[in-house]
Amino acid sequence: MISLNSPTDPVERLVNSAVNESDLSSESSASEELRQEVRKKLGLDLPVFYINLSSLAESDTLYRIAERSHQENLSKLTKLYGNWSEIQAYYSSLKNLEKAVGQFKADSSLNATYSSNKLTTYKNKSILGAKSLFELNDDNKIIEQISVLDTLYQLRLFSSLNPILKSVKLKYSKIKRNTTNWKNYIPTIQFNGFLNQYHLWLFGDSDRNRGGVIRGDFGKSYIDNKSVGDKMLEMFPYSFFLVIISIILAYLISIPLGIYSAYKKDTLFDNVVSVLVFMLYSLPSFFVATWLLYQFSNPDNLLWFPSNGVKNPATYNNDWSWYDMDSIKHQAPYFVLPIIAFTYSSFAFTNRIMRVSMIDVLGADYIRTARAKGLSERHVILKHGLRNGLLPIITMFSNVFPAAIGGSVILETIFGIPGMGGAVYEAILGIDIPMIVAVFTLTGALTVTGYLISDVLYAIVDPRISYSKK
Amino acid sequence: MIEENITYRQFAWKQFKKNKPALVSFYILILLVLLAVLSPIIANDQPLYMKYKDTSFYPAFETMFNETASGEVIENEDTINFQFQNIDWRTVQLESVCWPLIAYSPNTIDKYNRDYAHPNFPQRLKNYKGVIVELPRGLRHYLGTDKLGRDIASGLIYGTRISLLVGIISMGIAVVIGLILGAAAGYFGNDGLTLSRSQYWLTWTGVFIAYFYGFYTRSLALEQAFNDGIIQGVFSLFLSLIIAALITLTISFIGRKIAIGSFLKKEVSIPIDAIVSRIIEVLNSMPILILIISVSAIISEKSLWVLMIIIGLTGWTGIARLIRAEMLRIKQMEYIEAGKVLGFSNYRIIVKHALPNGLAPIFVSFAFGVASAILTESGLSFLGVGVPDDVVTWGSLLSRGRAEFEAWWLVIYPGVAIFITITVYNLIGEGLRDALDPKHKK
C-alpha cells in the first residue's frame, strides 16, 4: 500500500544513482534496460497483489511498463478514452518517436546550413518535445505539443522524423475517434496468480534470489541497496538496549515510588511527588532531551557528558567489542543522557498509574481484613496489596514497546544514535519502503511479544487467572 | 446533599469548581483561547493605529482581512499609494503610532537583530534617519530572536493558535469516529446486528460496487478537483461519498426486498465488535508517531489540515474502547430493555438513550487526548515533518534552538508554553474525571 502511493519512483532513483548524469540523447535506450533490470530486482515488474479491481477498459499488463510516470499517464488516458488497444498503439508510436529522436543524427550535407549551436538547440527541443508527450493527457496540451513538434519538423533538417510524428498524430486521432468510454464503467476483477509483489515479498522466489519475509529477508533498501535485514540487525540492538534498560529503570523507580506515595496518601511526601510527576508527565520528551543536552553537554554550562556518540565501539578502537571492560568504561558516558531521556518518558506515566491503582487497592475490604488479622503493614502492602495493584501496570506492558519505538524516533534523532528510530525517520523521509515495512513488521512482532509477556505475568501475579482449559 | 433538586450537569460543575487546580487550569485555558483568537492584534508587524502625513491608518486591522491592503497619502499634491505589508513602519517617521504588544509577526525578519538576539541585552534598530540606535522599549524582542531575526514572542503567540486548533480538531475527528465505532461495537456486539442472508451478501457487493463507481472511476476527476483547490477537492470527495453511500444503500435495500425463501431469509449476524476490536488492536500495535510520519511523507504536500486529520484518524482507539465498555454496561440496563419493548429503533435507542449516559468518560478522554495530540503535533514539527515551513509552531521554534545552544530562549520558552498547555489540559481532564464520576454523587 505504501509503495503504491509514495510520490517518488524508487526505480528512477536507483537508476539515477547507477548511471552518471548523461546528456539527454544517450540516456533513453541505455537506461531502459537498466531500469527494467532494477525493476526486476525490486520485484516491481509484477502486479501488486493476487487480485485487483479494475475496469474493462484498463489493461491488465500496465505494470510491465518500466517508467512509472508513463504508467500513470497511460492509466489516465485510459480513464479518459477507455480504449486500451488504441492507447497502446499510441504509446508504442511515441516510443518509436523517442527512439528515433534519440538516435537522430543530422545529415552531414546540412551541417553547413546550421551553426552547431543552433543544431543542438533544435535537437534538444525535439527531444524534450518528444519526451513531454509521454507525460501529457490533456487533449489541448497534447495537440499543442504535437503542433510544436510539427512546425519544428517542417525544417529540412528533421525530414526523417516527420513521418514518425505523422503516425503519432494519426494514432492519437484514432484514440479520440474510437472512444469506448462505457468500458470504464464496467468493473472487472483481475486475477494475477502467485507471481505478484506481495507473494514475492512474503514468500520469496528462488529465481529472483529473494528469501521473503517468512525467511527473514526484508528485501533491499531503496537508499543504499543494502539488505534491510542486515541493516536492521545492525541498528536494532541500540534501540532495543535503550528501550529495555529504560523500561526496566522506569519500572524499578516508579513502582516502589508509586506504592509508597499511595501508602502515604495525602501527606506532604505524596503531594510533592505527585506534583513533580505530574509536571514531568506534561513535559514533551524532546524538550527534556534538548534541555538535558543544554544543561549537561554544553561547554558554557556543564560539560559532564558528550552530546552524541553512541556507536559501535570498534569505531573508537579497533580491538574493542561491546563487552570489553575498557570499552564499557569508554561507552558509559555516552549512554547516560539518552537513558535518562528514554526512562523519563515512560517513568511518569507508569508512576501515575501505579499510584492510582495502589490507592484503589488499599481502600479495598480485603486489605482491611488483612490488617484486622494483625498482619504487619509490610506484609499487608507487599503481599496483599501489591499483587492486585500490579495488574494495570501489566496491562500497560504490551503497549510499552510501540510507544517506546515511536518515542525513539525523536530521541534518537536528537542524540544521534544509530538505532532504529533515527533510521526509520530517515527511511520515511527518503521513502525507503522496504525499511519502513520492516520496522512496522518488527514492532508488530514486539507488541505481540509484549502481549504474551503480560499474559504470562498476569498468571504469575494473579493465581485466579489460568490459561489451561478445564 | 443540601440541595436535592439539581441536575447532573449543575452537580458536575459544582464538583469541578471545588477542584482548585482544575478551575485555575480552566481559566488559563480561556486565556490561551483568547490569546489564540486575538493573536493578530497582540503580535503584528503593522501598527494598530498610526498617523502618517496627517492621515490616520489602522494597518493591523486592514491587513488582517486583506493582505494587500493599501493606504494613500497626499504629499506635495501628489497622491502616494503604498501597501502596508511592504513597509517596515518601525523605520518610518510617524506622527503618532500605537503598536501592538509585540511589534512583530512570527515571520517578520528583523535583519538588525539576527543571529539570536538576547532577550535581555540591547537590541538594535535602524531608525528613519538611517542611524543604528538601541531598540526602544515598546519594539523590543521580549523573548529574543532566532538566527534569521524572527521574534520568538510573536511565534509563541501564533503557536498557541496552531496548538489549540490541532488539539481540538484532531480530537474532534477522533471522538466522532470513536463514538460511532465504539457505540456500534458495544451495543451490537458480535451478534446484535442481523441481516437476512440476501441483504448481507448484497450489502458487501454494494460496498464493492460503490467503491468502484464512487472512487475508482472518479479518481481522475478527484485528482483534478484537488489540483484546482482544497475546497473543490473536498466537495468532489463529498460527491464521491454520496454516490458510494447511495449505491450501497440501494443495493442493500434490494437485498432486503428479495429476501424470499428460507435460504435467503436466514439471518446472518455482522460481527461488528470483532471487526472494530481487531482494527483497534492493529492500530495500537503500531507506533503512532512512525505511522503519522509515514503518512505525512506519502502525502508529500505539507498541510496543517492533513496533519490534524491524520492525528484524528489514528487517535480514536482509546475513545472507542471507552465507549464500547460503557455500552456493554448500559445495554444491560432496564431502560434500554424498555426502549426495545416499546419498539424503538436501534438508532434511536443508541443516540437518545444509551449514548448520553455513556458520555461522561468521553469528556475526560477528550481532555487527555487533546493534550497528547498537541504533544504529537509539537513532536512532529520539532522533526520538521507535517507542518508547512512558513507556519510557526512551538515545536518548530524548539527545533530552531537545537542548532545553537547559546540561544536558551529558543528552547525554554516554547518548552514552557507546551508544558503549560499540556498541564492545563491534563488538570482539566483530572478535574472532569473527579467531577463526572458517579461514585462521588452519593
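What follows is a tutorial dialogue on reading a predicted model with chains A and B.

Me: What kind of model is this, and how are residues and chains labelled?

Reply: This is a predicted model, in which local features need pLDDT of at least 70 and side-chain atom pairs count only at pLDDT 80 or more, while totals for chains, interfaces and linings use all residues. Residues are numbered from 1 along each chain as its sequence is written, and chains are lettered from A and ligands numbered from 1 in the order in which they are written.

Me: How many helices and strands are there in chain A?

Reply: Helices (H or I, at least four residues) and strands (E, at least two) are DSSP runs, numbered from the N terminus. Chain A has 18 helices and two strands. Of its 470 residues, 32% are buried, where buried stands for 20 or more other C-beta atoms within 10 Å of a residue's own, exposed for 12 or fewer, and partly exposed for in between, with C-beta atoms placed from the backbone.

Me: How many residues of chain A are in contact with chain B?

Reply: Two residues are in contact if their C-beta atoms, placed from the backbone, lie within 7 Å. Here 41 residues of chain A are in contact with 34 residues of chain B. On the side of chain A that touches chain B, the largest share, eight residues, comes from α16(A). The residues of that side divide into 26 nonpolar, 13 polar and two charged, with Ala, Val, Leu, Ile, Met, Phe, Trp, Tyr, Cys and Pro counted as nonpolar, Asp, Glu, Lys and Arg as charged, and the others, Gly among them, as polar.

Me: Is Ser345(A) buried or exposed?

Reply: Ser345(A), whose place is in helix α13 (residues 325-362) of chain A, is buried, with 25 other C-beta atoms within 10 Å. Leaving aside neighbours within four places in sequence, Ser345(A) is in contact with Ser285(A) and Gly407(A).

Me: Which residues are buried in α13(B)?

Reply: Helix α13 (residues 317-330) of chain B has 14 residues and reaches 20 Å from its first C-alpha to its last, close to the 20 Å expected at 1.5 Å a residue, the expected span being 1.5 Å times one less than the number of residues. Ten of the 14 residues of α13(B) are buried, including Thr317(B), Ile319(B) and Leu322(B). The buried residues of α13(B) pack against α5 (152-188), α10 (272-285), α14 (334-341), α15 (346-358) and α16 of chain B.

Me: At what angle do α13(B) and α15(B) cross?

Reply: Two packed helices are described by the angle between their axes and the distance between the axes. Axes are lines fitted to C-alpha atoms, for helices over the stretch in contact, and angles run from 0 to 180 degrees between N-to-C directions. The axes of α13(B) and α15(B) come within 9 Å and cross at roughly 120°, which makes α13(B) oblique to α15(B); angles under 35 degrees count as roughly parallel, over 145 as roughly antiparallel, 65 to 115 as roughly perpendicular and the rest as oblique. The contact is made by Ile323(B), Glu326(B), Met327(B) and Ile330(B) of α13(B) and Ala354(B), Asn357(B) and Gly358(B) of α15(B).

Me: How do α16(B) and α17(B) pack?

Reply: Helix α16 (residues 360-383) of chain B and helix α17 (residues 394-401) of chain B pack at an angle of about 40°, with their axes 7 Å apart, and are therefore oblique to each other. The residues of the contact of α16(B) with α17(B) divide into four nonpolar, six polar and one charged.
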